[in-house]
Each structure stands twice: as structure tokens, then as C-alpha cells.
Amino acid sequence: MNEHKPFIFRAIELSSQALDKGEAPFGALLVHNGKIVLESECTVEAENDQTRHAELNLVSHACRQMPWQQLSECTLYTSTEPCPMCAGAIYWAGIPKVVYGCSMEALGQIAGHSTRMGCRKVFDCCYGNIEVIGPVEEELACEPHMKCWPHPS
């Protein structure tokens, strides 16, 4: 699990950077052979597009910049468990491994709303095996969300 910590910490940093820019706190990165090759943040507000989640931005850029063979050797790290839309994009891009920080359940408790379907359920419906590891460093990954979403007193 320790090999994932530096990358999860960076994804959480990206989520905090997104929050500082007025976006929802989501960050993601792609790792190939132990090195970060791409990073992304949520850009929903900047692009006025509800589909511009950090993971979808990352996968979209990766598909345009990297050959499929290389994508099939990558791990996607994300500050928060991918939603069904992002999980579908990860599957179709051929990325075989996802590591996340904050779970959908924790996000729902903090934000008061979230999809109830985590990425494992989506991947279970797909052909092929996508390894999912998480939550990793969940308490830390939840901190940017605690700053973003109004929570009941």
C-alpha cells in the first residue's frame, strides 16, 4: 500500500488546487512505470460543462496523447472514487488499475449527495478485469471536500 501513497498524496494536492480555483475538489493523475505522465483537475466551472470531472479530463487527454498499449500499462490515481461516467471512460480507455482516496460513501456523507454506485460496480459489469484499490488515505482525501460542501450543523 505504501507504493500508492505518494501518488494519492499528489491527487489530493490536485484536488486542493482545484478547490483554490473555484472548482469542486477532484484531482487525478496517470502513472506509467512509476512515473506521473499526466495530471488533471476538475474543470466543471471553468468549462461550464458538468462532464469535465478530473478523471474524464485525464482519460480524454491520455487517449489523445498516448498509444493504447501504454495506457494498458498505467494506473490511474484519483482523489475520490470515480463516478459511473468516469469509470466508463476508464474502462473504454483500457486503463487496468484505479487507486482512489475518498470513497463514494464518504463523499455522500460529506456533500449530502453523491452517486450510490462506486466504480467497482461499474467495472463488475464490464468485460475484462480492472483492479480497484481504495480507499487509500481516506481521511486526508476527505479534507478538501469538508472545505467545499456545506455540512449540517
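Predicted model: local features only at pLDDT ≥ 70, side-chain atom pairs only at ≥ 80, totals over all residues.
Local features need pLDDT of at least 70, side-chain atom pairs count only at pLDDT 80 or more, and totals for chains, interfaces and linings use all residues. Residues are numbered from 1 along each chain as its sequence is written, and side-chain values use heavy atoms, with hydrogens and water left out.

Start at helix α5, residues 84–93. Helices are DSSP runs of H or I with at least four residues, strands are runs of E with at least two, and both are numbered from the N terminus. The helix is mostly covered, with seven of its 10 residues buried. Buried means under 20% relative accessible area, exposed over 50%, and partly exposed in between (1.4 Å probe, protein chains only). The buried set is Cys 86, Ala 87, Gly 88, Ala 89, Ile 90, Tyr 91 and Ala 93. These residues pack against α3 (54–65), α4 (68–71), β3 (74–80), β4 (97–102) and α7 (119–124), where contact means heavy atoms within 4.5 Å. Just after α5, Gly 94 takes a positive phi of about 85°.

Now the aromatics. The structure holds two aromatic pairs. Rings of Phe, Tyr and Trp (its six-membered ring) pair if their centres lie within 6.5 Å; planes under 30 degrees apart count as stacked, over 60 as edge-to-face, and the rest as tilted. Phe 7 and Tyr 77 have ring centres 5.0 Å apart and planes at 40°, so this pair is tilted. Phe 7 sits in helix α1 (residues 5–20) and Tyr 77 in strand β3, so the pair ties together parts 70 residues apart in sequence. Both Phe 7 and Tyr 77 are buried.

Tyr 91 and Trp 92 form an edge-to-face pair, 4.9 Å centre to centre with 70° between the planes. Tyr 91 counts as buried because its relative accessibility is 19%. Trp 92 is exposed, at 71% relative accessible area.
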